[in-house]
Amino acid sequence: MMFSALFAPMDLGSVRIGNRFVHSATYEVMALETGEVTDRLIGRYRTLARGEVGLIIPGYLYVHSLGRAYRHETGIHDDRMIPGLTRLAGAVHEEGGKIVFQLAHAGRQTTKAMIGRTPLGPSGGDRDPFYFVKPRGMDGGQIQEAIRAFGAAARRAVEAGADGIQLHAAHGYLINQFLSPFFNRRKDEWGGSDENRFRFLGEILSEVKRETPQGMPILVKLNTHDHTPREGITPSLAATYAGRLSKLGIHGLEVSCGSGWYSFMNMCRGEVPVKELVTGLPLWKKPVGRLMLGRMAGKYGFEGGYNIEAAKRIKPVLGDTPLFVVGGMRKAAEMKKALEERYADGIAMSRPFIREPFLVRRIREGKTDASACVSCNRCLAAAANDIPVQCYCREFPASAR
Ligand SMILES: Cc1cc2nc3c(=O)[nH]c(=O)nc-3n(C[C@H](O)[C@H](O)[C@H](O)COP(=O)(O)O)c2cc1C
């Protein structure tokens with residue numbers, strides 16, 4: 001087979017993944033407003049497992065009710081979520097797949113309307129230029145509560161039968177906020193130095209380890225560049241953090257970039273679907289949205305494998321810890337090269353699987369050698385519009401839900 005390197009198994013902790021393909025976490029807009037999974041959401045992952053995606057990481061799961069980013073985000077914040085999550089894991093296992101739950105807390109990257117109070121962040125003060133949220137800086141008790149929430153969520157993941165967990169430390173969410181000198185301006189033990197900014201993630205890792213069986217994969221998705229207006233995580237700071245994570249014994253690191261509205265287009269390079277994104281905004285935000293998004297248009301042209309340079313930089317500090325690269329991986333030849341030249345151990349994708357759930361199987365069968373995704377980003381606009389995510393490349397729905 002031409003692309004056999006892509007179909008070699010990979011071990012993460014004590015779990016064997018059948019090939020090198022990873023479904024990168026993708027918010028589906030498919031959960032109930034209570035946070036419970038739906039049949040539609042389960043169906044999505046059953047199909048992907050049938051499509052032979054080696055490791056499936058569904059869209060992020062909020063670990064605490066104050067850490068919820070979106071109305072139809074799946075929850076893992078309460079034991080009542082366990083039966084639905086058990087069905088989700090079971091469906092993937094029935095099809096022979098492996099499933100890892102991504103645990104997330106939005107921190108300041110949400111709204112009062114979503115969580116019923118002012119969003120929390122490592123530091124208060126500055127107003128987010130898009131959400132218009134002026135977050136409240138967390139006190140020691142709130143920080144401990146968030147850390148414990150990650151631990152409790154990990155326990156629920158184990159009870160639901162997940163094969164592993166991934167901590168979402170990318171894209172501007174709470175862990176990323178603590179890691180970033182742009183968002184974290186604290187002067188206490190949680191900020192002020194790289195070591196202190198890392199403490200929140202370090203504490204979460206110990207809590208999560210306590211709650212999960214030995215060998216169960218604990219993965220981290222990390223930004224290698226925040227692309228914030230002032231310096232946040234840079235590639236060199238990311239390398240420092242990656243080195244620490246590897247020493248702490250994580251079982252895999254996925255490298256991404258971009259944080260929230262400051263730089264979401266760095267995360268998802270391609271077209272800026274201005275019209276579709278503006279449609280999803282409340283009336284009063286439309287003018288500013290049109291202006292901000294209009295300025296972005298044309299500046300984030302798609303590039304193949306746009307986090308590969310970062311992966312090359314991070315890989316040497318990781319030792320034996322597997323690295324997954326995500327972002328613009330589209331051509332099987334490019335994926336194979338990343339594995340053969342050993343700057344990545346796994347190939348993670350999001351948008352290609354929205355368009356083609358059977359992409360992996362078709363590559364294995366020699367029916368294709370590249371994703372048909374054109375990175376129009378209408379799937380991303382669907383999430384912003386509260387519309388279940390699917391490929392809307394040809395036509396974008398006129399109204400939400
Ligand atoms: C609709 C949509 C939802 C996403 N939701 C998540 C998420 O829940 N967690 C996450 O870490 N990344 C999320 N991402 C980012 C992807 O995982 C991935 O990092 C990014 O799309 C770049 O990879 P790609 O070029 O293969 O799409 C999302 C992306 C899209 C398009």
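Me: Which elements make a right-handed β-α-β unit with helix α12 (residues 332-340)?

Reply: You look for two strands with a helix linking them, then check the handedness of the crossover. This model is predicted, by the way. Here the right-handed unit is made of β13, helix α12 and β14. Another right-handed β-α-β unit runs through β11, helix α7 (residues 235-247) and β12.

Me: Okay, how do I read the pairing around β14? Which strands does it pair with, and over how many bridges?

Reply: Two strands count as paired once there are at least two bridges between them. Strand β13 (residues 323-326) and β14 are parallel, with three bridges. Strand β3 (residues 21-23) also runs parallel to β14, again joined by three bridges. For individual partners, V326 is bridged to A348 in β14, and H23 sits opposite M349 in β14.

Me: What pairs with β11?

Reply: Strand β10 (residues 164-169) pairs with β11 in the parallel sense over five bridges. Strand β12 (residues 252-256) is parallel to β11 too, and five bridges join them.

Me: Now the nonpolar core. Which residues have the most contacts inside the largest one?

Reply: Think of a core as buried nonpolar residues linked up by C-beta atoms within 7 Å. The largest one here has 123 residues, and those with the most contacts inside it are L103, F150, I165, I175, L253, V325 and I347. Helix α4 (residues 140-160) gives the largest share of this core, nine residues.

Me: Say I pick I165. What is it in contact with?

Reply: Skip the neighbours within four places in sequence, and I165 is in contact with V100, F101, L103, A154, A157, V208, T212 and I218.

Me: What about F178: where is it, and is it buried or exposed?

Reply: F178 belongs to helix α5 (residues 174-179). F178 is buried because 28 other C-beta atoms lie within 10 Å. Leaving out residues up to four places away in sequence, F178 touches P122, N184, W190, R197, F200 and L201. Take P122: F178 and P122 are 56 residues apart along the chain, yet their C-alpha atoms are separated by 5.9 Å.

Me: Last one, the ligand. How many residues surround it, and which are the closest?

Reply: List the shell, then ask which elements supply it. The ligand is surrounded by 26 residues, the closest being S24, A25, Y60, S350 and R351. Helices α13 (351-355) and α15 (378-384) are the elements giving two or more residues to that shell, and α15 gives the most, three residues.

Me: How do the shell residues divide by type?

Reply: Sort each one as nonpolar, polar or charged. In the shell around the ligand there are 14 nonpolar, ten polar and two charged residues.

Key:
Residues numbered from 1 in each chain as written. Predicted model: local features only at pLDDT ≥ 70, side-chain atom pairs only at ≥ 80, totals over all residues. Near = placed C-beta within 6 Å. Helix = DSSP H or I, 4+ residues; strand = E, 2+ residues; numbered from the N terminus. Nonpolar A, V, L, I, M, F, W, Y, C, P; charged D, E, K, R; others polar. Buried ≥ 20, exposed ≤ 12 C-beta atoms within 10 Å, placed from the backbone. Contact = placed C-beta atoms within 7 Å.
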